[in-house]
There are 2 protein chains.
Amino acid sequence: MSDPRRRRIAALVDGLTAAHLDGLLLTGLSNIRYLTGFSGSSALLVVSTRDVVLITDFRYQTQVVDEVGDIARIVIEPSSLWTGLWQQLAQLGGLQVLGFETTHIPHRDFQRLVESGSRWQWRPTVDLVETLRERKDESEIARIERAASVATTALDRTLPQIHVGMTELAVAGVLEKELRDAGSEGFAFPSIVASGPRAALPHAHSSPRRIERDDWLLMDFGAIVDGYCSDITRTVVVGAASDEHRAVYDVVREANSRASAGVRAGMTGRDADALARDYIDRAGFGPQFGHSLGHGIGLEVHEAPRLARTAEGLLPEGAVVTIEPGIYRPGWGGVRIEDDVVLGADGPRILTQFPRELIELA
Amino acid sequence: MSDPRRRRIAALVDGLTAAHLDGLLLTGLSNIRYLTGFSGSSALLVVSTRDVVLITDFRYQTQVVDEVGDIARIVIEPSSLWTGLWQQLAQLGGLQVLGFETTHIPHRDFQRLVESGSRWQWRPTVDLVETLRERKDESEIARIERAASVATTALDRTLPQIHVGMTELAVAGVLEKELRDAGSEGFAFPSIVASGPRAALPHAHSSPRRIERDDWLLMDFGAIVDGYCSDITRTVVVGAASDEHRAVYDVVREANSRASAGVRAGMTGRDADALARDYIDRAGFGPQFGHSLGHGIGLEVHEAPRLARTAEGLLPEGAVVTIEPGIYRPGWGGVRIEDDVVLGADGPRILTQFPRELIELA
């Protein structure tokens, strides 16, 4: 049982038994990857108490064997994955009541279940695998830590290349090239490079705007290593920081520091959020911190648990979460400082090792 | 009626009337962008014969006004978009039978329709907006053409920087930086850089493999300009091409050329596919061309129409499609040459202007 995938499948089967299900049809690709290792973009997976069957198409014939090995029985389906599904389910036997993933199946495919799959009873399930994925094992934490290291290496190499007059798109280009050179398989999400007043938009993408002297420059990006994501934000001044720059920055930095040091497994996501939010509120910037404190990261860049005012769930040991307080002033700019933190038995550990002092780029 | 969005909404309303629907709930973000211009990641749109209402959240408050203007009535919903939806539908009045997008709504949200939305009758619809999107107007073709130009500029600047010993990831880094420097808003899809035997995998991602002398190097990537994608592939030899390299390359090149010159609006997707496939078959490489000839591009990098053996639909005038024949030999490598072609009234026009002769990088 040293292969973590076998432990995960066993834990899922326990969950199915508790839910009185004979098996589960998985359509969520990240969940399929978590259970089997398969990283392709086309797959259906059936897990029952006795069988694990992965159905994919001919494009992945070589890859699926390399990645999945004997964790699942592999079926290469020449026409439609759904045709393959009905054949496999009929052969498996002993299956009457099957779960499906209500958040990962479009209505059109759900209709296939009630029409072509009408000889089975279908029950919606929510987050059966997502809940398992909240607690990372050592191999997962090691991958996220490598992804964090790739991201900080890239940032370190990017900062000296930034200058007044560069476009945000050009900064993104440098950053993404450094991510690739440091070994990133891809980009965890579209890189955000936002300068000057655009730093006030929490969901800005990179634009052709040119950096002006003494602008804020906010960079929010992530690497991928062995399928696992990192997610980091730093905000710098391209030029000389004013007192106003420093006043806002220091509040965000202290909020980041308090939350990164104070977050614990066993807390609610709401209490974790409050570690940063209460400090920002007291400093008078509460209304300018309009988003939640953070989210889990792993195979997806946004996954459970949530750290937010509305998050009543307990943070489990082994979760890896972002801590990303921010203050945004429309028309002026904004600051966000984001780190990735693993919630260990002995307390939190920061994976994104990069200075948090205010950097002024000459 | 010079704003293309008004024409699109009017065409959709005609479709709703024909389908005996009082209105349509849109959940597909590319469809919402097509109709309104809104590019955010969180939105619901209602289109009826009398009203167009866009519901989004506070993060997009500034952006949505800039992008949508008076095309739709904008509602900023503080809690859940669905809460906002029920309120808006109740206010609109005159709505009894509403369509929803069966391919763009997960089962969990469909359940909201039949539970919280039970005072309306809900009917699944398929591809109502996708069908409109098949025919590009001049403003769309201009954007795809700019995205094609950004991609070819980036490739032109990348080729001289490639050398033996570089990793595929490093080549991807150079290419993506050149895409950014040429003005790409992002990446149409994860760049494929596949060298040596890995060029035989049609869905390879970039890996840490180092390029060896006389390797194939296949690069498949795309730019985004004003939301519109390009998609291009070139395959080069890093070193000197052998006779075997040339023999395979020439077949793919001729297949690309025949299909790019011969494809026409009014053909079926199957007949277009055959323009390349019949030639490759006759050359004896049929079994090694395992995928379809191409697909539409636009706001998404894969959209209607399809050019494939199973595509019976007619290609409409104004469609922009990829032409991407390939030959793949496991263990040896592969060649794909892909262009973007607009189907005009007078015939096809290639948007990706880049040499198709076999390039040997010194």
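## Two chains around an axis

Of the residues of chain A, A:P106 comes closest to the rotation axis, its C-alpha lying at 2.0 Å. That axis belongs to a rotation of 180° with 0.0 Å of shift along it, which superposes chain A on chain B with an RMSD of 0.0 Å; this is the relation of a two-fold axis. The superposition is by least squares on the C-alpha atoms of residues with pLDDT of at least 70 in both copies. The same surface serves both copies, as 100% of the contact residues of chain A recur in chain B (contact: C-beta atoms, placed from the backbone, within 7 Å).

Please keep in mind that this is a predicted model, where local features need pLDDT of at least 70, side-chain atom pairs count only at pLDDT 80 or more, and totals for chains, interfaces and linings use all residues. Residues are numbered from 1 along each chain as its sequence is written, and chains are lettered from A and ligands numbered from 1 in the order in which they are written. The model scores ipTM 0.92 and pTM 0.94. For chain A the mean pLDDT (the predictor's confidence in each residue, from 0 to 100) is 96, and 100% of its residues reach 70 or more.

Now to strand β1 of chain A, residues 23-26 (strands are DSSP runs of E, at least two residues, numbered from the N terminus). A:G23 and A:L25 point one way and A:L24 and A:L26 the other, and all are buried (20 or more other C-beta atoms within 10 Å of the residue's own, C-beta atoms being placed from the backbone). Its pairings (at least two DSSP bridges between two strands) are tabulated here.

| Partner of β1(A) | Sense | Bridges |
|---|---|---|
| β5(A), residues 97-101 | parallel | 3 bridges |
| β2(A), residues 44-48 | antiparallel | 4 bridges |

Within these pairings, A:G23 stands opposite A:L98 in β5(A), while A:L25 has A:V46 of β2(A) as its bridge partner.

Methods:
A residue is buried if 20 or more other C-beta atoms lie within 10 Å of its own, exposed if 12 or fewer, and partly exposed in between; C-beta atoms are placed from the backbone. Two residues are in contact if their C-beta atoms, placed from the backbone, lie within 7 Å.
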